[in-house]
Amino acid sequence: MSEPPATDQNSEYSGRSLELTPTQDVFNAFNSPVKSEPPPDVPTPTEYDTLRAQLKEKPHCPEGWLRLVEIVENSGELPKIRETFDALLKQYPNTSTAQIAYISHFLNDQETFPAAEELFIQFLRTSPCVDLWRFYLTYVRRINTGTATREIVRKSYEFALSHVGQDKESGEIWSDYIQFLNSGETTTTWEEQQKMDALRKVYHRAVQIPLDNVEHLWQELETFETNLSRITAKKFMADLSPSHMQARTTLRQLTNHLQLLFPPSTGPPGRPDIFLPSLPTFDTSERTLIGKWKNYLKWEESNPLELEEKDKATLISRIQGVYRKAVIRMRYYTEIWFMAYTWTNSVGKTDEAMSILKAGMEANPGSFLLTFTYVEAQEAKKEFADVHATFDKFLAALRVELEAVEARTNIDTNGAILAAINSASTSTTEAGGGSNNSSFNTQSSDDKPPKSSELSERRTEYGLAYIVYMRFGRRAEGVKSSRTIFGRARKDRWTPWEVYEAAALMEYHCSDDKSVASRIFEKGLDSFADEIEFVLRYLGFLISINDEKNARALFERVIATFPPDRARPLWERWARFEYQYGDLEAAQKLEKRIAEVYPSDPPIKRFAQRHMYLGTDAIAARDLGFAMARKSSQPSGVARAETQQSLLGNHTPGNTHKRPSSPDYRKREERGGGDYSQGHKRPRPTSPPRERDRERESRWEGPSRRRFSPQPPPAWERERERPPLPPPRVPDRDEEKNRGPILPPVISWFIGELPAPSLFDGPVFRTED
């Protein structure tokens, strides 16, 4: 009789362990070799398939498109060629070099000519490119070689010149047209006269346009008229001379503009390179290029040919073609699209202007400039349904961008975490200790996106779209519509706190409802209680509506949730309210609390701030001598010396200083826009810190209080601890020789009478702009 199986300590699991005891069959199954079935025959994706898949995901890749075109052209398969070029021209419309390459594949066989003609009809309708029209005329003359079809060729030339005849590069078309007319055979005197009249009209039109061969055409015209009649030649040439000279002058200016915008092609003569614009990076070279385009477009709008009112249609046609070429070349620069829309709308072509905006939005779906321009134009037309659809599409495009930024942020964050883990594990292993069972719990919330500077900036911009959307709803359809839009925004995980503030202030100012506004702020506090700026806005709003009870309750509720380094703006905002509108006992109690949180702050600092108003600090200026110390540190002679050096031009780049803001202008900046509204301008990342920010940091110890801080006191502490200035050093003779020229006494006296640069109270322009 066999022994009973030993029972486990956990009796409730003993039965289960018996049931899970593996049998010999199971052991054999585990030990037997695994028969791997051969994988099914999956065709290896070709380079064409791979590129097509990549370009569907990331269509803004010029190098990928060019490589794909090269692959399909080498294959010679018309279906693939058609599919590739259709996709390419959908991404980059009106790219003439790609259109010519596309049509060329259907001109090798006469049976495919109908397909080529369909493409000509499709492309020529909106193309401003001379090379495509020239290619079209070559095809027309190729299939119309007989005498009976000369009228078709003539109409084709007139059709082409009516579209691109004002272009500088169309000189070759004008020359070919003249040669075509001159080659016509005549049998009667009347036909010969008709031929001469037609040639004269074409010549007269061409020599008044800044074409690249306008001087050669003028010489041909002079020879043509002289051969007909010397008497009439002088009259015709004298009448045309002013316009021709103006065209030649304009041609020189035009050449200077265009050679900076259209670099010469590096491709073979028969097949120029396909130019595909890239997404902008807005580096120095691209900003310079945008400036050159803007200068050129404004120059064209200024009517350099000095065309009269009777030729206004010619001027409009000319500028219209220029803008069409500009938006093709600068497809992803929305400022150029906006200029094209503005000019087109100003000449009365409203429908075409709206078409330009739609094309620009299709090329740049995330453009705030074009979207806001379009929805305002549609709102003026009472097309409210289209405005709603446009905002929905725009917000969807912004969400896609936000998700892409979030994905990049998560990858970077996870990479940094893994690097830190590997580094820590390596150091632990080297030290001979540590546990292999350590676990890292990463919490990811779908409700709140991860925090990063780029993502925060994009979220703020996303919120701006919702704010503008709510403004439209209130203007066009009333407060109910704006509330509906805000309700949608509340359910969006990307909505920032600015949307809640905008909705609350809209209710307060437009509906005069304090309770609804306060409830919106409270709802926003549920999601953004850790955003110090939102809390400051909410606190400022309660103070502005004189709701002291709720303002005090809000301050006491949130002040303990922030660490001291972040809570300083809240302390100072509430202190400013207590100093101005509270009683002395409450102010002293608050100062005591602040001193406990910030023990390094000197007591006189808080006392001085208690007696400030709009930046005026008489204690620091008069009692502590800060104003006199500033005057003594920079006497009037220093300002005179700086002025002399600026006139002589002996300054070095390292010693260049910007003009500081005047005291009055600084006060206006520090006042802000009221109790709960901050300034609308945000400091750019590349901008240097303002003078008042540097002065503010030098006044008191502790972190900077930025734009929402109260008016800071003067830097009397730093002035008090500053060591005395060393005595002036007597220069050597060699230094006196190298000092440079000395101004005459009269000029020195005049410069000394000029006011110091610090007294300037006008607008200050940043040189980097």
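In this predicted model, V375 touches V387, T390 and F391, leaving aside residues up to four places away in sequence. V375 belongs to helix α18, and its relative accessibility of 5% places it among the buried residues, because buried means under 20%. The chain as a whole contains 36 helices and zero strands. Of its 769 residues, 37% are buried.

**Contacts across the sequence**

- Considering contacts in the chain between residues at least 6 apart in sequence, 64% link residues at least 24 apart.
- V375 and Y469 are 94 residues apart along the chain, and their C-alpha atoms are separated by 9.4 Å.
- F541 and F521 are 20 residues apart in sequence, with a C-alpha to C-alpha distance of 9.2 Å.
- F541 is located in helix α24 and counts as buried because its relative accessibility is 0%.

**Nonpolar cores**

- The largest nonpolar core comprises 66 residues, and M470 and L570 have the most contacts inside it.
- Beyond residues up to four places away in sequence, L570 touches I532, V535, L536, L539, F555, V558, I559 and F562.
- Another core lies apart from the largest one and has 64 residues, including A116, L119, V202 and L276.
- In soluble globular proteins, nonpolar side chains tend to be buried together.

**The second largest pocket**

- The volume of the second largest pocket is about 1300 Å³.
- Its lining consists of 35 residues, and those nearest the pocket centre are L279, N364, P365, G366 and E401.
- Two or more lining residues come from each of α5 (78–91), α17 (350–363), α18, α19 and α20 (453–477).
- Helix α19 provides the largest share of this lining, with eight residues.
- Sorted by class, the lining of the second largest pocket holds 19 nonpolar, seven polar and nine charged residues.

**Loop residues with positive phi**

- K382 is situated in the loop between α18 (368–380) and α19 (384–431).
- The phi of K382 is near 65°, a positive value in a residue other than glycine.
- K382 is exposed because its relative accessibility, 60%, is over 50%.
- N546 occupies the loop between α24 (532–544) and α25 (548–558).
- N546 is not a glycine, yet its phi is positive, at about 65°.
- With a relative accessibility of 65%, N546 also passes the 50% cut-off and therefore counts as exposed.

**A buried loop residue**

- D601 sits in the loop between α27 (584–597) and α28 (603–610).
- The relative accessible area of D601 is 13%, so this aspartate is buried, the limit being under 20%.
- The side chains of D601 and K605 are joined by a polar contact of 3.3 Å.

Technical notes: Residues are numbered from 1 along each chain as its sequence is written. This is a predicted model: local features need pLDDT of at least 70, side-chain atom pairs count only at pLDDT 80 or more; totals for chains, interfaces and linings use all residues. Side-chain values use heavy atoms; hydrogens and water are left out. Helices (H or I, at least four residues) and strands (E, at least two) are DSSP runs, numbered from the N terminus. Buried means under 20% relative accessible area, exposed over 50%, partly exposed in between (1.4 Å probe, protein chains only). A polar contact is a pair of N or O atoms within 3.5 Å; within protein, one must be able to donate a hydrogen and the other to accept it, and residues adjacent in sequence count only if both atoms are side-chain atoms. A nonpolar core is a set of buried Ala, Val, Leu, Ile, Met, Phe, Trp, Tyr and Cys residues joined through side-chain atoms within 4.5 Å. Contact means heavy atoms within 4.5 Å. On a 1 Å grid over the protein atoms alone, a cavity is a set of points where a 1.4 Å probe fits but cannot get out, and a pocket is an open set with protein on both sides within 12 Å along at least five of seven lines; lining residues have an atom within 4 Å of a point. Grid points are joined across faces, edges and corners, and a volume is the space filled by probe spheres set on the points. Ala, Val, Leu, Ile, Met, Phe, Trp, Tyr, Cys and Pro count as nonpolar, Asp, Glu, Lys and Arg as charged, and the others, Gly among them, as polar.
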